[in-house]
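Thanks for sending this one over. Here are my notes, as numbered points, to read alongside the model.

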Amino acid sequence: MQEPSEQPWPPFRFQDRPEQPAGAHRHGPHSWQGPGYRDDAHEWASHWGHRARRWWGRGDGQPLRRSAEDRLAGGVAAGLAAWRGFSPNTVRIVLAVLAFISSGWAVPFYFLGWLLIPVRGEEGTIASKARHDSRGVALALALGSLLGTFLFLASAFNDGAIGVYGWPQVFSLAFLTLIWRNAPDDERASLRRLVQPLESLGGSGTAARRGTRLRLTGAAVLLATGLGWLLSLHGGTHILAPLSGFLLVAAGIVLLFGPWWLRIARDLVIERQARARAEERADIAARVHDSVLQTLALIQRRAEDPQAVIQLARAQERELRSWLFEGRAPGDAGVSSVAEGVRQIQRDVEALHGVPVEIVTVGDCSLDEHLNALLGAAREATVNAAKWSGAAVISVFAEVEPDKVNIAVRDRGKGFDPDTVPGDRKGVAESIRGRMSRHGGEATVQSAPGEGTKVTLTMPRQPGQGQPGQGQPASGRPRPAEPGTGDSGTGDSGTAAKPRPAEGKRR
Amino acid sequence: MSTPAVRAAGRPRVVLVDDHGIFRSGVRSELGPRVEVVGEAEDVAPAVELIGQLLPDVVLLDVHLPGGGGHAVITEVKKDHPDIKFLALSASDAPEDVIAVIRAGARGYVTKTISTADLADAITRVADGDAVFSHRLAGFVLDAFAAAPAADDIKPSFDPELDQLTTREREVLRLIAQGYTYKEIARELFISGKTVESHVSSVLRKLQLSSRHQLTRWAAERRLT
């Protein structure tokens, strides 16, 4: 029953805890007047969570935690909901109904949960702090007993309606005091939000105060009139009169609480937005850390190896660029257009052979089997240059024209005499030429010893091929068909234009 | 209006405009022997003022500046000193920004990854009145001029030739995009180096003067992504 990882505690201590009426209820006799012990209440809470799960039998693996994102007051309802897999609103409604059925006893239990259940992602509970807050405990006891006295007096004059709902609130008041004194600031803010209408009474700014007073007076008049009307109609036969009485009461309530409700709703929205922004920032920070900072660290370590440093810097630059300007997540390698294919070649060759590849692409179009063959040949040529030429940099230039696609792969390396090609390289040249000619394209290889090599590949475009854009990061949506503009180059390209995969992510 | 002072000892006088202090000091120390760095600025307004005072041969201008971008500097300075030449450079070349700077009047564009020797070379060439195209800029320009002129070009240029690159200019740009030097291009196309220069200058002129709607729209489309 106890987690092996947790500190086992002696049973008498467990029984001595005063702030655990819930446990007390379930476990039978516990004494409530234990001596002061200083144990970690959150341990107790998680222990309590384990027990509860054992009783209910279907845990979701996560311990019970209050929700920080979705809270109206303490986040207890949302926490329960997440823990048990319900919708938070269902839990809230159930709690509200429970509060009525239990004649108000659910309320102190809510606050107790607030005290004892840690917020998700944190360890400490408010209770663990509150126990060290002796003045807070004294204040809670004092306020609780004050309310108790008041209720006692009130019940002497009243027939008990107040008392029934009031007594549990003695505990509520005590717990609330402890929460108020010991909760972190953001939770205090949500408490403050709950009591805002009262606060605005004493608030600064005469205009605001006058507005509040006016509103309160109006509400009081409406409520009084409506209630008076309703009360004066004992068994009235009219249907209209009680109706207008109800309406007046409802109007009074809206006038009284409306601004408050609105503000709560608005604050919730604002809080959620702020949280979303913070998460976005964290996400960006994480990405920058994963990529840029890591690379910078690597560069510092390998500063004595210029080749490695250049390679790292280039790889990082490209990744960052594709993330910032093309909305592409690092490592995403979907290729659907010529320009993307060329960039892919660049990435792979640089990574595998450590030779920088400069690419320039002009225009773009989506791929078909012929253009795939073209890209294959271009890759072959680039890899060749990387392996054999000894050049410091290889340049790849791709241009999509209305009727054909050209790719030129060039290096300023050793070069060779095309007539005396070594056997192993002849095969490669053949694979470039052969592949191109099989698909109706052409390949020319210009080279001379000491002059570098240039491989020019040309593949005619098939009619009806889409042209997703003029440049590398073309807009993600298909171009609007503008009759007569000839905008996309080929006359028929508008009909079969295949939009590139959405690059919807903004920079 | 005012002509920049005659270049002393062949060293062009340069003002650096860049918002990264580290980059400025790096460039200043590296360029030392070949170029005379007379001033630095990090924002649009101070840059305009400084350039007006110093009247350098060349302004080395970052495309991205906090107070409105490099093209704002060019537009302001060109009002009073049309003779001052600008060489744009940037670390991240969003095509539309680069084209905007060129259209504002920069004589060339290079990336910050350029080697010191090449940068000094580019500055000298710009100071001599030539245009400097990096391979990337050549790609952008080809891209921008690639589409045939559209029927909805409501404002055709005064000179329709401005809207179109000649076959030769295209060839030159393609070779630049492939990393050829001007000398290599001259040999490849069997023309003189001066002719290559004039082709590049003419492309630059077209880029700056063409009121072609297509260029604007091209830039706008790029911006949408």
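1. Let me start with strand E1 of chain B, residues 13–17, in what is a predicted model. Five of the five residues in this strand are buried, so the rest of the structure largely encloses it.

2. E1(B) has a partner in strand E2 of chain B (residues 36–41), and the two pair in the parallel sense over five bridges. Within that pairing, B:Arg13 is placed opposite B:Glu36 of E2(B). To get from E1(B) to E2(B), the chain passes through helix H1 of chain B (residues 21–31), giving a right-handed β-α-β crossover.

3. E1(B) is also joined to strand E3 of chain B (residues 58–62), through four bridges and again running parallel. Here B:Val15 has B:Val59 of E3(B) as its bridge partner. E3(B) in turn runs parallel to strand E4 of chain B (residues 85–90), with five bridges between them. One pair to look up there is B:Val58 with B:Lys85 in E4(B).

4. Now for the whole chain B sheet. Six strands make an open sheet with parallel pairing, in the order E2-E1-E3-E4-E5-E6. At the edges are E2 and strand E6 (132–133) of chain B, each of which pairs on one side only. Helix H5 of chain B (residues 116–127) packs on this sheet and touches E1, E3, E4, E5 (108–111) and E6 of chain B. The direction of H5 makes about 150° with that of E4(B).

5. How do helix H4 (residues 95–104) and helix H9 (residues 193–209) of chain B cross? Their axes come within 8 Å, at an angle of roughly 95°, which makes H4(B) roughly perpendicular to H9(B). The residues that meet are B:Ile99, B:Ile102 and B:Arg103 from H4(B) and B:Leu204, B:Leu207 and B:Gln208 from H9(B).

6. Over to chain A, which has 18 helices and five strands. Of its 507 residues, 42% are buried. Among contacts in chain A with a separation of 6 or more, 66% are between residues 24 or more positions apart. The accessible surface of this chain is about 27,400 Å², with 62% belonging to carbon and sulfur atoms.

7. The five strands of the chain A sheet are in the order E1-E2-E3-E5-E4; the sheet is open and the pairing mixed. Strand E1 (357–362) and strand E4 (442–448) of chain A are the edges, each pairing on one side only. From one strand to the next, the twist averages 10°. E1(A) runs parallel to strand E2 of chain A (residues 394–400), joined by six bridges, and A:Val360 is opposite A:Phe397 in E2(A). Helix H15 of chain A (residues 338–353) packs on the sheet, touching E1, E2 and E3 (404–411) of chain A, and its direction makes about 180° with that of E1(A).

8. A:Arg347 is 33 residues from A:Arg314 in sequence, and their C-alpha atoms are 9.7 Å apart.

Note on methods: Residues are numbered from 1 along each chain as its sequence is written. Chains are lettered from A and ligands numbered from 1 in the order in which they are written. This is a predicted model: local features need pLDDT of at least 70, side-chain atom pairs count only at pLDDT 80 or more; totals for chains, interfaces and linings use all residues. Side-chain values use heavy atoms; hydrogens and water are left out. Buried means under 20% relative accessible area, exposed over 50%, partly exposed in between (1.4 Å probe, protein chains only). Contact means heavy atoms within 4.5 Å. Accessible areas come from the Shrake-Rupley method with a 1.4 Å probe; for residues, only the protein chains shown count as cover. Two strands pair if DSSP finds at least two bridges between them. A crossover is right-handed if, with the strands pointing away from the viewer, the path from the first strand over the helix to the second runs clockwise. Axes are lines fitted to C-alpha atoms, for helices over the stretch in contact, and angles run from 0 to 180 degrees between N-to-C directions. Angles under 35 degrees count as roughly parallel, over 145 as roughly antiparallel, 65 to 115 as roughly perpendicular and the rest as oblique.
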